[in-house]
Protein chains: 2
Amino acid sequence: MTEISKLALRAREAARALARTSTAQRDGALVAMAAALRSQSALILAANALDMEAAREAGTPAPLLDRLMLDAGRIDGIATAVEALAREVDPIGEVVSGHRMPNGIRLQQIRVPLGVVAMIYEARPNVTADAAALCVKTGNAAVLRGGSLAIRSCLAISDVLSRAATEAGLPEASIQSITSTDRAATDELMSLHGLIDVLIPRGGAGLIRNCVENSKVPVIETGVGNCHIYVHSGADLEMALAIVMNAKCQRPGVCNAAESLLVDAAVCETHLPTILRALADAGVELHGDERTRSLGVVEVVPATEADWGTEYLDMKMSVKVVSGLDEAIEHINTYGTKHSEAIVTGDYEAGQRFLDEIDAAAVYVNASTRFTDGAEFGLGAEIGISTQKLHARGPMGLVALTSTKYLAMGDGQVRP
Amino acid sequence: MTEISKLALRAREAARALARTSTAQRDGALVAMAAALRSQSALILAANALDMEAAREAGTPAPLLDRLMLDAGRIDGIATAVEALAREVDPIGEVVSGHRMPNGIRLQQIRVPLGVVAMIYEARPNVTADAAALCVKTGNAAVLRGGSLAIRSCLAISDVLSRAATEAGLPEASIQSITSTDRAATDELMSLHGLIDVLIPRGGAGLIRNCVENSKVPVIETGVGNCHIYVHSGADLEMALAIVMNAKCQRPGVCNAAESLLVDAAVCETHLPTILRALADAGVELHGDERTRSLGVVEVVPATEADWGTEYLDMKMSVKVVSGLDEAIEHINTYGTKHSEAIVTGDYEAGQRFLDEIDAAAVYVNASTRFTDGAEFGLGAEIGISTQKLHARGPMGLVALTSTKYLAMGDGQVRP
């Protein structure tokens with residue numbers, strides 16, 4: 001048996017024991033885990049220094065280095081988030097539905113852990129702590145697989161958390177990390193149907209596609225966001241400008257940032273020039289269709305077919321003039337990734353149709369797509385944003401890490 | 001582009017249009033579909049007669065022939081089930097949750113169709129009508145693929161329903177069937193990630209395993225039920241006898257029938273002989289462990305390791321004497337398929353521990369496993385019984401064929 005199968009088997013055992021822990025035990029473990037992050041921060045920072053050194057030598061770009069970097073303040077922030085989870089309401093054990101059956105059986109559907117949750121993620125060390133803590137909160141065993149760039153930091157955090165959880169009375173192997181960062185480890189993890197209950201990849205489109213196409217374990221697709229802002233003919237220019245600038249520029253590297261701008265032909269001469277100038281002034285590289293380019297207000301690269309489907313995660317934006325609502329909806333449903341889509345309009349019917357007809361996890365009228373987020377939506381801690389339709393859609397809170405089971409209490413009932 | 005890709009693309013288009021239909025339109029279509037089944041029953045019966053003839057020539061066993069056979073009464077029953085769906089509450093559009101965000105955005109999570117639902121199933125022609133009707137009710141486009149034995153009946157039913165739905169105003173291609181019954185058609189269907197939103201296989205363990213292992217489209221695992229009845233030392237013999245006999249013999253070919261009997265050593269001499277005799281008298285072939293065989297009450301074949309994991313779907317049962325609750329839970333969690341499991345006991349603590357520690361969709365104290373069923377659980381029409389933990393677990397009603405999306409209505413909010 002391979003190391004990864006053994007690790008998964010241990011996780012399976014841990015999951016059975018975790019399913020029997022109480023809320024108080026799991027919340028107590030979270031408090032202990034947060035304390036351990038703080039008291040053993042030197043160990044974590046030393047591992048992170050080695051990751052940083054290797055990353056610098058490999059010529060890693062500055063924004064990635066910044067994501068990778070830990071300091072005492074950041075570790076404290078991670079610990080505070082773990083502590084905060086201990087104060088959230090426990091979803092496990094909730095009676096979701098129930099009634100007395102006509103034959104007298106007392107039926108209830110209760111919320112239970114999923115079992116073993118595997119996560120594959122990339123460069124951010126904090127994801128290790130977030131994922132481990134969310135799994136502990138929901139009574140799931142965690143199998144974590146961090147990216148190579150952050151592997152030393154991830155393993156250090158995982159070790160600290162795993163020891164703290166065990167010392168606090170949770171089963172051994174409640175939190176485990178895979179030390180290997182090669183592709184074979186991912187492939188093996190994806191093959192362990194029956195041992196792992198769900199695989200959540202968080203990272204680039206390539207990682208997620210690989211999981212979706214090759215995993216025998218059920219996958220929750222997350223994060224890829226080719227989000228649009230559609231400026232309808234009924235839009236107020238100032239509102240449209242504010243929303244476009246916020247959605248594109250406030251934090252361009254995240255999945256709910258806008259990547260594409262659609263503008264109605266009816267307002268392309270009144271509204272678009274102002275928006276294009278503001279985007280160009282902010283340093284956004286524009287990829288536009290012929291009509292946008294012909295306005296001649298700023299430099300616009302000719303957009304290719306590929307641009308319409310690209311999540312830049314960068315200060316770039318594609319721009320297209322559309323004939324109206326129908327074309328905008330058709331375009332978004334064709335090229336979007338079903339993440340977050342927004343219309344700016346003062347027209348009631350256009351707003352209603354956009355809400356109804358756009359197929360996405362979150363659909364906005366007159367607001368920035370940047371609000372698609374667990375905390376913003378009031379879900380508390382977030383494990384990711386699902387762009388699929390099964391199980392969970394949109395920001396995934398604690399409930400997304402749970403399943404249900406039916407309990408039936410009778411006094412001898414048999415089926416006639 | 002292949003025929004199946006074209007069909008899936010048409011389904012995708014239909015799904016977009018279906019998402020815009022009203023409850024009244026979809027319920028009206030269901031009534032029309034039921035009427036068409038009755039008015040065109042001759043056409044369906046003619047197709048079924050050809051299936052029956054071919055099946056008889058191929059030496060198909062009598063129970064399968066009975067499942068395959070249609071007559072006017074059965075078609076009327078199918079039509080009545082379709083009509084009944086029209087009277088159920090529409091889950092689509094339900095506001096599942098919502099609140100006003102602190103910044104004033106009106107947020108609501110509403111229930112929407114999944115999109116395109118594909119079903120692969122085996123010999124029962126009525127599944128075609130059930131699946132098509134459930135999809136229409138929930139605004140999903142249906143792609144159906146019936147088994148070769150029933151293919152003429154399935155295609156006839158699908159044609160009748162599809163025409164009736166279109167005439168009633170639903171989009172073309174809302175209901176489509178795949179005419180090819182070869183393996184390549186299934187394989188291609190499983191590869192259409194992005195066109196098909198979910199694949200639900202209904203049939204034997206081999207079909208389901210093939211889908212789980214090879215599908216790029218998300219799969220909902222259904223139905224395989226290696227269900228146990230555990231007679232605890234605190235069980236009343238009469239109650240245990242009634243539950244075992246009901247769970248094993250009332251309808252042995254279905255997934256919630258019991259396949260395995262566990263009996264505490266403490267009562268194996270007081271309780272087991274009576275139960276074994278009753279099972280043997282009813283014609284159940286017993287596969288037992290050494291302890292069971294040594295009782296010498298009736299003929300018991302030696303059980304092999306394979307017996308503990310086998311869903312017989314037949315008048316056969318494996319029997320094992322266990323040392324107590326711990327061994328019973330361990331055995332069930334090892335060999336069970338997470339479908340339906342029951343304990344018979346008068347002991348409060350044993351019942352509570354069984355409910356907590358057994359990992360299955362439905363866990364029973366003092367009742368037959370045969371109650372795991374959408375209608376019995378009050379869910380109305382059922383599309384299958386999920387034995388996985390993601391998305392839906394246990395009997396799947398209309399809600400299992402839905403997803404949600406967030407609608408956010410603002411007045412210019414941007415993220416600070």
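**Exercise 1. Determine what share of the contacts in chain A with a separation of 6 or more comes from residues 24 or more positions apart, and describe the overall build of this chain.**

Solution. Step 1: in this predicted model, residues 24 or more positions apart account for 72% of the contacts in chain A with a separation of 6 or more.

Step 1: turn to the secondary structure. Chain A contains 15 helices and 16 strands.

Step 2: consider the dimensions. Along the principal axes, the C-alpha atoms of chain A occupy a box of roughly 70 × 70 × 35 Å. A compact globule of 416 residues would have a radius of gyration near 22 Å, and the 24 Å of chain A agrees with this.

Step 3: consider burial. A residue counts as buried if 20 or more other C-beta atoms lie within 10 Å of its own; by this criterion, 54% of the 416 residues of chain A are buried.

**Exercise 2. State which elements of chain A give two or more residues to the side that touches chain B, and characterise that side.**

Solution. On each side the count is given: 55 residues of chain A are in contact with 55 residues of chain B.

Step 1: list the elements. Two or more residues come from each of helix H9 (205–214), helix H10 (237–249), helix H15 (348–357), strand S13 (362–367) and strand S16 (402–413) of chain A.

Step 2: identify the main contributor. S16(A) provides the largest share, with 11 residues.

Step 3: classify the residues. This side of chain A comprises 25 nonpolar, 17 polar and 13 charged residues.

**Exercise 3. Trace the pairing of strands between and within the chains.**

Solution. Step 1: begin with S16(A). This strand pairs with S13(B), residues 362–367, in the parallel sense over five bridges. Within this pairing, Met409(A) has Val365(B) as its bridge partner.

Step 1: follow the open sheet of 10 strands, whose order is S10(A)-S9(A)-S11(A)-S8(A)-S7(A)-S12(A)-S13(A)-S16(B)-S2(B)-S1(B) and whose pairing is mixed. Its edge strands are S10 (301–302) of chain A and S1 (95–100) of chain B, each of which pairs on one side only.

Step 2: examine the end of the sheet in chain B. S1(B) and S2(B), the latter spanning residues 106–113, pair in the antiparallel sense over five bridges. Here Gly98(B) stands opposite Gln108(B) in S2(B).

**Exercise 4. Report the confidence that the predictor assigns to chain A and to the complex.**

Solution. Step 1: for chain A, the mean pLDDT is 95, and 100% of the residues reach 70 or more.

Step 1: for the complex, the predictor gives an ipTM of 0.93 and a pTM of 0.91.

Notes: Residues numbered from 1 in each chain as written. Chains lettered and ligands numbered in written order. Predicted model: local features only at pLDDT ≥ 70, side-chain atom pairs only at ≥ 80, totals over all residues. Contact = placed C-beta atoms within 7 Å. Helix = DSSP H or I, 4+ residues; strand = E, 2+ residues; numbered from the N terminus. Nonpolar A, V, L, I, M, F, W, Y, C, P; charged D, E, K, R; others polar. Pairing = 2+ DSSP bridges. Rg over C-alpha atoms; globule rule 2.2 N^0.38 Å. Buried ≥ 20, exposed ≤ 12 C-beta atoms within 10 Å, placed from the backbone. pLDDT = per-residue confidence, 0-100.
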